[in-house]
Amino acid sequence: MLIVLCRAIIAGLLISPAALAGTLTYAVTDESWEPYWIVRDGQVSGILHDFMLALDERLPEELQASHPLPPLRTQKLFREGQLQLECCVSQSWRAEPEQADVSVWSVPVLDADEMLLFAPGAAFPYRQVEDLRGRSIATVRGYGYFGSEYFQRNDGADAFALIYRVAQRHSEAGIIDRLEWRYLTHSNAQLRSPRWQVEEGPVIHRVQLRIRLHRAHADRLQALNAAIREIQADGTLTRIVARYAP
């Protein structure tokens with residue numbers, strides 16, 4: 001009997017912290033947001049994917065990715081508590097009462113910057129969003145843009161259509177995420193050809209991306225914030241970003 005009891009105690013000591021603490025499942029959508037989330041043929045990569053893997057190494061819980069799901073589906077599952085984490089979004093994107101009421105927010109993980117693109121030599125002065133008043137600006141269909149009430153949207157299917165419209169002077173400027181621009185120019189040689197040449201302009205809008213934690217797990221927020229700060233401080237996040245957007 002004593003031998004059995006000792007074996008049980010030893011087995012308990014060998015259980016990993018993750019097993020003791022349980023599992024937290026985070027949302028992954030089936031829509032790519034390059035280079036933050038890259039979803040291709042059911043395979044997921046990208047800055048935030050790698051960040052969540054690094055975070056998993058620093059928390060007692062096991063972090064588990066959901067299957068790629070439609071964005072509205074992931075929001076519904078989060079609201080119901082079937083998903084416990086969402087990385088990484090702006091608080092303003094989840095401001096609806098039914099989303100805000102079930103959310104607690106981490107410290108900022110990363111800034112997402114929207115910047116202007118110009119055709120070579122075609123830049124105009126920019127200091128505030130009102131400077132876009134009346135101008136034709138290349139955008140992506142279905143995306144929301146800060147200050148869109150001031151300018152005329154020239155929608156295209158994707159970022160490539162946006163860049164081409166600017167390069168060919170079909171729009172006076174374009175608005176693109178700064179890291180997306182860096183990722184595309186690094187990974188696609190086509191954008192380095194003369195027909196696609198554009199110039200970087202100023203950042204016109206910045207949002208802080210944070211982890212959204214379901215309020216049922218609010219007691220884990222302090223540990224979550226400490227792990228995020230560690231990933232930032234030790235250079236891990238910088239290395240992850242550089243991997244996708246040099």
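Trainee: Why is Asp113 called buried in this predicted model?

Mentor: Buried means under 20% relative accessible area. Asp113 has 5% relative accessibility, so Asp113 counts as buried. Asp113 is found in strand E6.

Trainee: What makes the pair Asp113 and Arg206 a polar contact?

Mentor: The cut-off for N or O atoms is within 3.5 Å. The side chains of Asp113 and Arg206 are joined at 2.6 Å. That value is inside the cut-off, so the pair is a polar contact.

Trainee: Which residues does Asp113 touch, leaving out those up to four places away in sequence?

Mentor: Asp113 touches Ile176, Asp177, Arg178, Val203, His205 and Arg206.

Trainee: Now His49. Is His49 buried or exposed, and how do you know?

Mentor: The relative accessible area of His49 is 17%. The limit for buried is under 20%, so His49 is buried. His49 is found in helix H3, residues 47–56.

Trainee: What does the His49 side chain meet?

Mentor: A polar contact of 3.0 Å joins the side chains of His49 and Asp50. Not counting residues up to four places away in sequence, His49 touches Tyr36, Trp37 and Val44.

Trainee: How do you know that Cys87 and Cys88 form a disulfide?

Mentor: A disulfide needs cysteine sulfur atoms within 2.5 Å. The sulfur atoms of Cys87 and Cys88 are 2.0 Å apart, so the pair qualifies. By this rule the count comes to one disulfide.

Trainee: What is the handedness of the link of Cys87 and Cys88?

Mentor: The link is left-handed, with -75° about the S-S bond. Cys87 and Cys88 are both buried. Cys88 lies in strand E5.

Trainee: What kind of peptide bond joins Cys87 and Cys88?

Mentor: A cis bond, with omega about -10°. Another cis peptide bond joins Glu34 and Pro35, where omega is about 0°. Pro35 lies in the loop between strand E1 (23–26) and E2.

Trainee: What is the phi of Asp41?

Mentor: The phi of Asp41 is near 50°, a positive value in a residue other than glycine. Most residues other than glycine have a negative phi. Asp41 lies in the loop between E2 and E3.

Trainee: What makes Asp41 exposed?

Mentor: Exposed means over 50% relative accessible area. Asp41 has 80%, so Asp41 is exposed.

Trainee: And Arg169, is it buried or exposed?

Mentor: Arg169 has 52% relative accessibility. The cut-off is over 50%, so Arg169 counts as exposed. Arg169 has a positive phi of about 60° although it is not a glycine. Arg169 lies in the loop between H6 and E9.

Trainee: Which residues of helix H9 are buried?

Mentor: In H9, residues 236–244, they are Thr236, Leu237, Ile240, Val241 and Tyr244.

Trainee: What do the buried residues of H9 pack against?

Mentor: They pack against strand E2 (38–40), strand E3 (43–45), H3, strand E6 (103–118), helix H7 (178–187) and helix H8 (221–233).

Trainee: How many cavities of 30 Å³ or more does a search of the whole structure find?

Mentor: One. About 40 Å³ of space lies in the largest cavity. The lining is Leu24, Leu59, Glu61, Leu85, Leu213, Arg220, Ala223 and Leu224.

Trainee: What makes a space a cavity and not a pocket?

Mentor: In a cavity the probe fits but cannot get out, whereas a pocket is open. About 1000 Å³ of space lies in the largest pocket.

Trainee: Which residues lie nearest the centre of the largest pocket?

Mentor: Glu31, Trp33, Trp93, Tyr143 and Gly144, out of 32 lining residues. The elements that give two or more residues to this lining include helix H4 (71–79), helix H6 (159–167) and strand E10 (199–214). E5 gives the most, with four residues.

Trainee: What about the chain overall?

Mentor: The chain has nine helices and 10 strands. Buried residues make up 43% of its 246 residues.

Note on methods. Residues are numbered from 1 along each chain as its sequence is written. This is a predicted model: local features need pLDDT of at least 70, side-chain atom pairs count only at pLDDT 80 or more; totals for chains, interfaces and linings use all residues. Side-chain values use heavy atoms; hydrogens and water are left out. Buried means under 20% relative accessible area, exposed over 50%, partly exposed in between (1.4 Å probe, protein chains only). A polar contact is a pair of N or O atoms within 3.5 Å; within protein, one must be able to donate a hydrogen and the other to accept it, and residues adjacent in sequence count only if both atoms are side-chain atoms. Contact means heavy atoms within 4.5 Å. On a 1 Å grid over the protein atoms alone, a cavity is a set of points where a 1.4 Å probe fits but cannot get out, and a pocket is an open set with protein on both sides within 12 Å along at least five of seven lines; lining residues have an atom within 4 Å of a point. Grid points are joined across faces, edges and corners, and a volume is the space filled by probe spheres set on the points.
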